[in-house]
Amino acid sequence: MRLWVLLSLLLLQETLPHVIGQPGKSRRPKEPGENKIKPVNKKIKPKTSKMKDRESADSSLKSQSILTQVMDKGRFQKLAATLSLSAGQSIELRCKGSNVTWNYPSYLDTFKDSRLSIKQLDRYSQLILANSTAADTGEYSCWLQLCNGNKCRKDETKTGSTYIFFTDKEELFVPTPSYFEIVYLNPDKPAVIPCRVTSPSAKVTLHREFPAGEIEADGTDIIYDVKKGFVYQHPTSDHKGIVYCKAESQGAPQISIKYHLLYVEVPKGPPSTTIAASSSRAEVSDSIHVICTVLGEPDVDVNFRWQYPGQESERPVIIQNFWRLINRGTGHTTRISKSVLLVEDFEAKDAGNYICIAQNLQGETTVATKVELN
């Protein structure tokens, strides 16, 4: 009887752990922290996922446009990269923010067009363009300004932009104020023939005036961008000449203005500057002029500054600045910029060094010459 009871107790001890959920001797050894850590990990995972979702939401907010179009009945529409409207329609755009700056086709400012109205309200800025025309085609963008005192900068995370086509079957090309335009071909940067169209569906081709023929846009060296025109990616002297564009869209083809392509070959850098006086020696009451000359790229402006004897005593002088294009042969065109300083009724205090400082976007160059009194 005792032996039977002992065997029963042993059997009960072997089966009991499995009933209450603890591992028996026959199961694998328990990993360190196996029972306690894993449930905690399961609770942390949702938190990690929420953080990732929040980061993803923040990222999407950074790229979200703050520009909308006001539709009828108080509805709003987020704008895509491009928008097509018929010429004659009015449009209202809104940009969220209390300090907003706008960018739009520059000619609207040039002619101070009364059709354009911009108002800054408490929570948004409003742009209204009434009675649109084909010439209004272009980029419309806005951004929030971050200011600290008098210094402001663009908030790159809060911007909006769209390119609007104001379609007009009578004006396939965006109108320009002139009938002829010069395009400089620089070997260091792409050149754009800006024959933009008012309809994104228009078929546009590029043509040479002489010898007459179509210039193929191969998508590599010459590409067509509906927002810019034809782009020469790597201009050479072979591209010089007179060209024009032709557009077709459900009707008779239309011709753009003509573009004169001039090839430029001038080294990059600060202005290449020289200075010379009409005479190195002068008599009292003589007139002396000093010329500062810069040879540079046709489309690069040069600013001149002078330092001369008698400047501190406010000695009156006459300064004239001008420039012109010259053809250096083989199709190369450069720009000569000059500044002329004229001293009338030369006096003893006018003798000394005349210093010219020429500056462009690449830097500045200082040159000097001396004029003495006889």
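Let's start with Glu 92: at 18% relative accessibility, this residue counts as buried. Buried here means under 20% relative accessible area, exposed means over 50%, and partly exposed is in between, with a 1.4 Å probe and protein chains only. Glu 92 also has a partner: its side chain meets that of Arg 94 in a salt bridge, 3.1 Å from N to O. A salt bridge is a side-chain nitrogen of Lys or Arg within 4 Å of a carboxyl oxygen of Asp or Glu.

A word on the source. This is a predicted model, where local features need pLDDT of at least 70, side-chain atom pairs count only at pLDDT 80 or more, and totals for chains, interfaces and linings use all residues. Residues are numbered from 1 along each chain as its sequence is written, and side-chain values use heavy atoms, with hydrogens and water left out.

Back to salt bridges. How many are there by this rule? The count comes to 10. Take Lys 258 and Glu 209: their closest N and O atoms are 2.3 Å apart. Lys 258 sits in strand 18 (residues 258–263) and Glu 209 in the loop between strand 12 (203–208) and strand 13 (213–215), so this pair ties together parts 49 residues apart in sequence. Strands are DSSP runs of E, at least two residues, numbered from the N terminus. Both ends are partly exposed: Lys 258 at 35%, Glu 209 at 31%.

Next, Arg 281 and Glu 372. Their side chains meet in a salt bridge at 2.6 Å, N to O. Arg 281 is in strand 20 (residues 281–282) and Glu 372 in strand 26 (residues 363–373), so to speak distant parts of the chain, 91 residues apart. Arg 281 is partly exposed at 39%. Glu 372 is partly exposed too, at 32%.

Now the disulfides. Each is a covalent bond between the sulfur atoms of two cysteines. The cut-off used is a pair of cysteine sulfur atoms within 2.5 Å. The whole structure holds 4. Counting bonded cysteines along the chain, the pattern is 1-2, 3-4, 5-6, 7-8.

Cys 95 and Cys 142 form one, with sulfurs 1.9 Å apart. This pair links strand 4 (residues 91–96) to strand 8 (residues 138–148), 47 residues apart. Cys 95 and Cys 142 are both buried. Their link is right-handed, with 80° about the S-S bond.

Cys 147 and Cys 152 form another, also with sulfurs 1.9 Å apart. Here Cys 147 is partly exposed at 39%, and Cys 152 is partly exposed at 44%.

Cys 195 is buried at 1%, and Cys 245 at 0%.

An open sheet of 5 strands runs in the order 2-1-4-7-6, with antiparallel pairing. Strand 2 (76–78) and strand 6 (116–120) are the edges, each pairing on one side only. Two strands pair if DSSP finds at least two bridges between them. Strand 1 (residues 67–70) and strand 2 have 3 bridges. In strand 2, Phe 76 is the bridge partner of Val 70.

Last, the surface. Phe 180, Ile 182, Trp 323 and Leu 325 form a nonpolar patch of about 360 Å² accessible area together. Patch residues have over 30% relative accessible area and no salt bridge, with nonpolar side chains joined within 5 Å and like charges within 9 Å. Areas use the Shrake-Rupley method, 1.4 Å probe.

Note on methods. Helices (H or I, at least four residues) and strands (E, at least two) are DSSP runs, numbered from the N terminus.
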